[in-house]
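Hi everyone, thanks for coming. Today I'd like to walk you through one structure, so please have a look at it while I talk.

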Amino acid sequence: MSTTQISTVSGITLVTLQGSPATTAFMADVFERIAKLNVNIDMISMPPNHGANAGLSFTISDQDLIDVLSLVNSLKTETGIKVIVSSVNHKISVYDPQMKNTPGMAARVFSAIASSDADIRLITTSEVEISFLVTEADYDTVLKAIENAVNTAE
């Protein structure tokens with residue numbers, strides 16, 4: 001019996017801060033300011049640094065977009081970073097407590113998504129979960145591909 005679970009969340013906004021300072025102090029300041037707005041952050045991703053600059057992406061609920069927009073515009077003015085905002089996305093998560101001991105799970109899920117040629121906006125992982133942020137247009141296709149990959153493995 002499989003323990004793999006697929007869950008989805010709709011109405012997700014992706015905020016990317018390009019060219020932001022590559023320091024944990026900057027990230028802490030951003031997240032503290034967002035917390036003061038009483039906004040939850042879900043997914044967080046940071047690519048490797050390029051010198052003193054980095055990128056920082058995180059997701060919030062579409063409902064919190066207006067509150068966060070004024071903050072990121074302030075950050076843009078203060079630091080000169082580029083802000084990219086994309087709303088109306090969906091998060092699809094594949095969770096399995098056995099994932100950490102099951103080689104090939106990521107390969108199976110990524111192969112299924114690759115065959116759909118979808119626009120994946122963000123990927124985060126843990127030992128037991130892989131989460132994908134996808135556009136509204138690609139949501140049904142990606143969800144079906146993941147479901148087929150998981151169900152075929154059972």
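**Aromatic pairs, sheet, cores and salt bridges**

Searching the whole structure turns up 2 aromatic pairs. Before I describe them, please keep in mind that this is a predicted model.

Let's take Phe31 and Phe58. They form an edge-to-face aromatic pair, with 5.8 Å from centre to centre and 80° between the planes. Phe31 belongs to helix α1 and Phe58 to strand β3, so this pair ties together parts that are 27 residues apart in sequence.

Now for Phe110 and Phe132. This aromatic pair is edge-to-face too, at 5.3 Å centre to centre and with 65° between the planes. Phe110 sits in helix α3 and Phe132 in strand β6, so parts that are 22 residues apart in sequence are tied together here. Phe110 counts as partly exposed, with 35% relative accessibility, and Phe132 counts as buried, with 1%.

Next, let's look at the strands. There is an open sheet of 6 strands, and if you read across, the order is β2-β3-β1-β4-β6-β5, with antiparallel pairing. Which strands stand at the edges? They are β2 and β5, which covers residues 120–125; each has a single partner strand, so one side of each is left without a neighbour in the sheet. The antiparallel pairing of β2 with β3 runs over 2 bridges, and Ser45 has Ser57 in β3 as its bridge partner.

Helices pack on this sheet as well. Helix α2 touches β1, β3 and β4, and its direction makes about 130° with that of β4. Helix α3, residues 105–116, also packs on the sheet, touching β4, β5 and β6; here the angle with the direction of β6 is about 10°.

What about the inside? As background, nonpolar side chains in soluble globular proteins tend to be buried together. In our model, the largest nonpolar core has 16 residues, and Leu17, Val30, Phe58, Val72 and Leu75 are the ones with the most contacts inside it. At least two residues of this core come from each of β1, α1, β3 and α2. Leaving aside residues up to four places away in sequence, Val72 touches Val15, Leu17 and Val83. There is also a second, separate core, with 15 residues, including Val94, Met105, Tyr139 and Val142.

Finally, the charges. How many salt bridges are there? The count comes to 4, and I'll show you some of them. Arg33 forms a salt bridge with Asp29, with the closest N and O atoms 3.2 Å apart. These two are 4 residues apart in helix α1, so they are separated by about one helical turn. Arg33 is partly exposed at 22% relative accessibility, and Asp29 is partly exposed at 31%.

Arg33 also forms a salt bridge with Glu78, where the closest N and O atoms are 3.0 Å apart. Glu78 is in helix α2 and Arg33 in helix α1, so this pair ties together parts that are 45 residues apart in sequence.

One more: Asp42 forms a salt bridge with Lys91, with 2.6 Å between the closest N and O atoms. Asp42 is in the loop between α1 and β2, and Lys91 is in strand β4, 49 residues apart. Asp42 is partly exposed, at 42% relative accessible area, whereas Lys91 is buried, at 12%.

Technical notes
Residues are numbered from 1 along each chain as its sequence is written. This is a predicted model: local features need pLDDT of at least 70, side-chain atom pairs count only at pLDDT 80 or more; totals for chains, interfaces and linings use all residues. Side-chain values use heavy atoms; hydrogens and water are left out. A salt bridge is a side-chain nitrogen of Lys or Arg within 4 Å of a carboxyl oxygen of Asp or Glu. Buried means under 20% relative accessible area, exposed over 50%, partly exposed in between (1.4 Å probe, protein chains only). A nonpolar core is a set of buried Ala, Val, Leu, Ile, Met, Phe, Trp, Tyr and Cys residues joined through side-chain atoms within 4.5 Å. Contact means heavy atoms within 4.5 Å. Two strands pair if DSSP finds at least two bridges between them. Axes are lines fitted to C-alpha atoms, for helices over the stretch in contact, and angles run from 0 to 180 degrees between N-to-C directions. Rings of Phe, Tyr and Trp (its six-membered ring) pair if their centres lie within 6.5 Å; planes under 30 degrees apart count as stacked, over 60 as edge-to-face and the rest as tilted.
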